[in-house]
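Please work through the following exercises on domain contacts and salt bridges with the sequence and the model at hand.

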Amino acid sequence: MAKLYFSYAAMNAGKSTLLLQAAYNYRERGMRPLLYTSALYAEGGVGVISSRIGISEAAELYAPGDDLYQSIRDFHEESKVDCVFVDEAQFLTREQVWQLARVADRLNIPMMCYGLRTDFQGKLFPGSMELLAIADSLREIRTICTCGAKATMVVRQGMDGRVLTDGDQVAIEKSVYLSLCRKHWEEEVGRWPVKGPE
């Protein structure tokens with residue numbers, strides 16, 4: 001029985017690198033992996049999954065409203081798909097997460113999702129929330145804070161280097177994010193020291 005997997009982490013933990021390595025392993029064994037990434041990461045209308053270490057691969061794009069179950073089923077009917085890899089899974093809609101679960105349950109194709117758990121305000125992304133709720137297997141990919149502790153949070157920095165505490169949940173430019181442990185995240189966003197009653 002195929003499963004729905006969710007591998008999550010803060011920024012710069014190597015999620016895309018692990019995804020590309022796993023897809024390569026399938027291909028090396030003569031199997032067909034199918035890769036998807038968010039349309040937010042389209043480069044000239046083309047989907048590309050890129051790793052900071054310099055490897056990349058073309059991928060199908062998904063956007064809100066796309067029926068991923070039908071898309072994967074169409075590819076599978078054309079030529080057998082052995083595994084599906086989804087990068088930037090935090091941008092999936094809740095319904096798309098269920099579509100991926102149906103691919104595992106009804107088409108018996110393993111679904112490997114990789115993404116962020118929380119945004120720069122410490123809130124769950126909708127796709128991540130649904131994956132945490134229904135995935136068969138959860139795996140945390142670890143990265144480190146500037147202090148050396150495990151980083152579980154991210155802050156968004158403006159062009160001037162100052163930490164932003166409000167704004168849209170999605171801003172694609174990766175260079176404006178910094179992964180931190182919870183303690184240092186709370187300090188950076190101004191939640192510590194806690195102010196008492198005035």
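The exercises below treat the domain interface and then selected salt bridges.

The model is predicted: local features need pLDDT of at least 70, side-chain atom pairs count only at pLDDT 80 or more, and totals for chains, interfaces and linings use all residues. Residues are numbered from 1 along each chain as its sequence is written, and side-chain values use heavy atoms, with hydrogens and water left out.

**Exercise 1.** Describe the interface of domain 1 and domain 2.

Solution. 

Step 1: Locate the domains. The assignment, of an automatic or database kind, places residues 4-141 in domain 1 and residues 142-197 in domain 2. Their C-alpha centres are 25 Å apart. Each side brings 21 residues to the contact, where contact means heavy atoms within 4.5 Å.

Step 2: The size of an interface is often given as the accessible area lost when the parts come together. Here that buried area (1.4 Å probe, summed over both parts) is about 1,800 Å², with 56% of it on carbon and sulfur atoms. Met11, Phe120 and Glu140 supply 40% of what domain 1 buries against domain 2, more than any other three residues.

Step 3: Count the polar links. Five residue pairs are in polar contact between the domains, both residues being at pLDDT 80 or more. A polar contact is a pair of N or O atoms within 3.5 Å, one able to donate a hydrogen and the other to accept it within protein; residues adjacent in sequence count only if both atoms are side-chain atoms. The interface also has one salt bridge, defined as a side-chain nitrogen of Lys or Arg within 4 Å of a carboxyl oxygen of Asp or Glu.

**Exercise 2.** Where in the chain are the partners of the salt bridge between Glu57 and Arg27?

Solution. 

Step 1: State the distance. The closest N and O atoms of Glu57 and Arg27 are 2.4 Å apart.

Step 2: Glu57 belongs to strand β5 (residues 56-62) and Arg27 to helix α1 (residues 15-28), 30 residues apart.

Step 3: Glu57, at 22%, is partly exposed, and Arg27, at 35%, is partly exposed.

How values were computed. Buried area is the accessible area (1.4 Å probe) that two parts lose on being put together, summed over both. Helices (H or I, at least four residues) and strands (E, at least two) are DSSP runs, numbered from the N terminus. Buried means under 20% relative accessible area, exposed over 50%, partly exposed in between (1.4 Å probe, protein chains only).
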